[in-house]
Amino acid sequence: MKAVVYDRYGDPDVLRLDDVPKPSPIAGQVLVKVAATSINLSDWECLRGAPFYARIGGLRTPKRRILGSDIAGRIEAVGAGVTRFQPGDEVYGDNLQLMGGFAEYAVAPESTLAPKPAELTFADASTIPQAGAIALQGTARAAEGRRMLINGGGGGSGSFAIQLAKRLGAHVTGVDNGGKLEFMRSLGADEVIDYRRDDFTRGHEPYDFILDLVAHRSVFACRRALAPGGRYRCVGGSVRALLRVLTIGAAAGRATGRRIGVLIVKQGPAHFEPLADRCLAGEVNIHIDRTFGLNNLPEALAHVGEGRALGKVVVTPR
Ligand SMILES: NC(=O)c1ccc[n+]([C@@H]2O[C@H](COP(=O)([O-])OP(=O)(O)OC[C@H]3O[C@@H](n4cnc5c(N)ncnc54)[C@H](OP(=O)(O)O)[C@@H]3O)[C@@H](O)[C@H]2O)c1
């Protein structure tokens with residue numbers, strides 16, 4: 001089968017389209033004929049081997065040769081003990097442990113997959129699992145009259161998070177680069193901030209909740225941006241930034257009646273299917289910036305990793 005593989009961490013030019021053996025599902029796994037895979041920042045991080053946590057399991061060379069975790073497709077074969085699916089079923093899910101979605105076929109544990117709603121295209125469904133779980137859990141406390149800031153709001157998770165927080169009645173501020181301000185407004189953001197020109201931690205009314213998708217700021221700056229009783233949660237960023245949040249940030253927050261911490265995102269169908277329901281109900285829109293073929297994967301990954309994508313980017317193998 002055709003797959004895009006890589007053998008060392010680096011820029012997109014370390015990727016190459018290759019012929020590799022079709023994988024076989026072992027017990028508890030299914031073989032999926034991939035129809036669409038969406039790109040997440042985690043694919044870019046695993047390509048580059050940075051932040052450092054992207055090297056877990058593969059310190060010097062990548063643990064998985066084929067990236068791509070958010071897959072949608074049709075079940076081709078099932079391994080022993082699989083009870084929820086049979087060949088022909090249409091599924092989608094976040095295969096973060098095994099990856100392999102940038103290929104014609106991928107194996108995935110059945111527990112990571114959900115039946116694809118017939119009303120969603122494969123491309124639409126592939127945008128939901130990882131970004132949807134992050135956005136749902138990251139906005140769970142948004143509420144009427146509360147001020148919420150989403151740092152990195154113009155990307156994959158952010159584009160869902162802005163819409164969810166708005167539906168919960170929050171006053172939403174989106175922060176991203178200048179090319180994404182109009183996009184964030186179109187998603188419903190009440191205020192937008194260009195992080196290259198303005199500092200959300202200074203000169204702005206404080207926030208009740210901050211969801212930080214790209215933690216780069218010092219914990220003291222984040223604390224400054226929080227209202228008394230406010231809560232800051234980051235889901236990504238450098239290892240240094242995350243460790244600081246967990247240690248100094250947690251203590252500094254507690255000392256001033258604020259909560260500063262890392263959001264460990266729960267994965268699996270129970271955590272992303274509610275977003276598909278909201279998309280089907282017309283409450284949340286899916287924004288696919290561009291769709292690439294497997295042969296253009298380096299360009300597609302760079303489009304996301306270099307911050308040009310508005311919302312999600314999808315790769316289709318055929
Ligand atoms: N905690 C967990 O359990 C867990 C699980 C899965 C994934 N994750 C993490 O969750 C994050 C999800 O990201 P995603 O897929 O939504 O990424 P994405 O689509 O790439 O969006 C990130 C956005 O942030 C912007 N950005 C970059 N630097 C910024 C800065 N200093 N200030 C404000 N905005 C900035 C980017 O644009 P520019 O680059 O152009 O500025 C981009 O628009 C990733 O970091 C991933 O590793 C966490």
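The model is predicted: local features need pLDDT of at least 70, side-chain atom pairs count only at pLDDT 80 or more, and totals for chains, interfaces and linings use all residues. Residues are numbered from 1 along each chain as its sequence is written, and side-chain values use heavy atoms, with hydrogens and water left out.

**Exercise 1. The ligand shell**

Task: Describe the residues around the ligand and state which elements supply them.

Solution: 
1. The shell holds 26 residues, of which G156, D176, N177, K180 and Y195 come nearest.
2. By class, the shell has ten nonpolar, eleven polar and five charged residues. Here Ala, Val, Leu, Ile, Met, Phe, Trp, Tyr, Cys and Pro count as nonpolar, Asp, Glu, Lys and Arg as charged, and the others, Gly among them, as polar.
3. At least two shell residues each come from α1 (41-48), α3 (129-138), α4 (156-167) and β9 (171-176). Helices (H or I, at least four residues) and strands (E, at least two) are DSSP runs, numbered from the N terminus.

**Exercise 2. Polar atoms at the ligand**

Task: Find the distances from the side chains of N177, E45 and N151 to the ligand, and state how much of the ligand's area the protein covers.

Solution: 
1. The cut-off for a polar contact is a pair of N or O atoms within 3.5 Å; within protein, one must be able to donate a hydrogen and the other to accept it, and residues adjacent in sequence count only if both atoms are side-chain atoms.
2. For N151, a side-chain N or O atom is 3.5 Å from a nitrogen atom of the ligand. For E45, a polar side-chain atom lies 2.8 Å from a ligand oxygen atom. For N177, an N or O atom of the side chain is 2.4 Å from an oxygen atom of the ligand.
3. On its own the ligand has 940 Å² of accessible area, and the protein covers 88% of this. Such areas come from the Shrake-Rupley method with a 1.4 Å probe; for residues, only the protein chains shown count as cover.

**Exercise 3. Aromatic pairs**

Task: How many aromatic pairs does the whole structure contain, and what is the geometry of the pairs Y6 and Y9 and Y92 and F272?

Solution: 
1. Rings of Phe, Tyr and Trp (its six-membered ring) pair if their centres lie within 6.5 Å; planes under 30 degrees apart count as stacked, over 60 as edge-to-face and the rest as tilted.
2. The search finds two pairs. In Y6 and Y9, the centres are 6.5 Å apart and the planes at 70°, so the pair is edge-to-face.
3. In Y92 and F272, the centres are 5.1 Å apart and the planes at 65°, so this pair is also edge-to-face. Y92 lies in strand β5 (residues 90-94) and F272 in helix α8 (residues 269-280), so the pair ties together parts 180 residues apart in sequence.
4. Y92 is buried at 1% relative accessibility, and F272 is buried at 0%.

Terms used:
Near = heavy atom within 4 Å. Buried < 20%, exposed > 50% of the residue type's maximum accessible area, 1.4 Å probe, protein only.
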